[in-house]
Amino acid sequence: MTKPLISVVITVYNEEENIKPLLDATYDALKEIDYEVILIEDGSTDKTVAEVKKYANSRTKLIIFNKNYGQTTALAAGIDMAAGEYIATMDGDLQNDPTDIPGMLKKAIDEDWDVVAGRRANRKDGFVLRKFPSKIANYIIRHTTKVYLKDYGCSLRVYRAHIAQNMGLYGELHRFIPVLAKQEGASMTEVDVKHHPRIHGTSKYGLSRTFKVMADLILMLFFQKYFQRPIHIFGTMGLLSFFIGVLINIYLLIVKLMGENIWGRPILLLGFIFLLGGIQLITTGIIAEIIIRTYFESQDKKTYKIKSIYQGE
């Protein structure tokens, strides 16, 4: 079997009414390209599986989960199974338009981009529950991670396969895929794509995801700056806390030597908290360093990625 030019990874969850128009549109959009389609069925409780089996063509593969794991895990599974030189990702709710994929692929090839990300130019979602929270989240992510994309919520993206397959998708990190790609050294651009209102089914997202995004953002910032050297954050915070505690206790010692009673003062408790907190943070940093070294060395992982090797003639 020849290696396809592009693998299109689509996550679906309770999308039975969307499957036929989704596959029809995808096949029609990719008819001039050597492609494969990988659908990841994420534990649906409706007839999604039956619909896919009914309308799938010979270039389509379906991965069925035994339960719902979430979008990040579904994307990771599809990317792992992909055989194409490039990988496109999109949602299965018909809001992404597969007709954008050929143009994004052409841009990636012609202009030598590792990632071409979609930007929903005319988003067809409600303002209060979807657009407004998304704008706030996009602004915060852009300015904290320094990865300047305008639309982190758009699932429609095209990647070089080696970038997508080395990102390490876990938990709920699909919102931060551009940040993960940047950590792999990816060159990245953004293009306007079409966006359609949801016709069938219901959205799987709401305001509750805002708190998950903020929690994941903290994790991503740690990965970006301190993953290889956790002692730099824990050690710095620990030393600062320890020295504040030392200063407080030196002050209390002087006060005590001057004959004043220091027992029962809140500052005494504060001094001990800073001292013990500092020791604990430094110890945590050392343990984290050992864990990171074990992570890399036990699996023969490197702290760097080689993009290419040139052999002179």
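Predicted model: local features only at pLDDT ≥ 70, side-chain atom pairs only at ≥ 80, totals over all residues.
Residues are numbered from 1 along each chain as its sequence is written, and side-chain values use heavy atoms, with hydrogens and water left out.

**Strand S5**

I looked at both partners of S5. With S6 (residues 157–160) S5 pairs antiparallel over three bridges; with S7 (residues 188–193) the sense is parallel, over six bridges. I count two strands as paired if DSSP finds at least two bridges between them. On the S7 side, Ala117 stands opposite Glu190. I also checked burial (under 20% relative accessible area with a 1.4 Å probe, protein chains only; exposed is over 50%, partly exposed in between). Five of the six residues of S5 (115–120) are buried. For the protein chain of 313 residues, I get 43% buried.

**The whole sheet**

I read the strand order as S3-S2-S1-S4-S6-S5-S7, an open sheet of seven strands with mixed pairing. S3 (60–64) and S7 are at the edges with a single partner strand each, so one side of each has no neighbour in the sheet. Ignoring direction, neighbouring strands are turned by 20 degrees against each other on average. (Axes are lines fitted to C-alpha atoms, for helices over the stretch in contact; angles run from 0 to 180 degrees between N-to-C directions.)

I then looked at S1 (residues 6–12) and S2 (residues 35–41), which pair parallel over seven bridges. Ile10 has Leu39 in S2 as its bridge partner. H2 packs on the sheet, touching S1, S2 and S3, and its direction makes about 165 degrees with that of S3.

**H1 against H2**

I found that the axes of H1 (residues 19–29) and H2 (residues 48–55) come within 9 Å and cross at roughly 35 degrees. Ile19, Lys20, Leu23 and Tyr27 of H1 make the contact (heavy atoms within 4.5 Å) with Thr48, Glu51, Val52 and Tyr55 of H2.

**Residues 233–255**

What is the secondary structure of the span 233–255? I get 100% helix and 0% strand, with the end C-alpha atoms 33 Å apart. The unreviewed UniProt entry lists residues 233–255 and 267–292 as "transmembrane region"; positions are in the numbering used here, feature names are shortened, and annotations may be inferred rather than shown by experiment.

Notes. Helix = DSSP H or I, 4+ residues; strand = E, 2+ residues; numbered from the N terminus.
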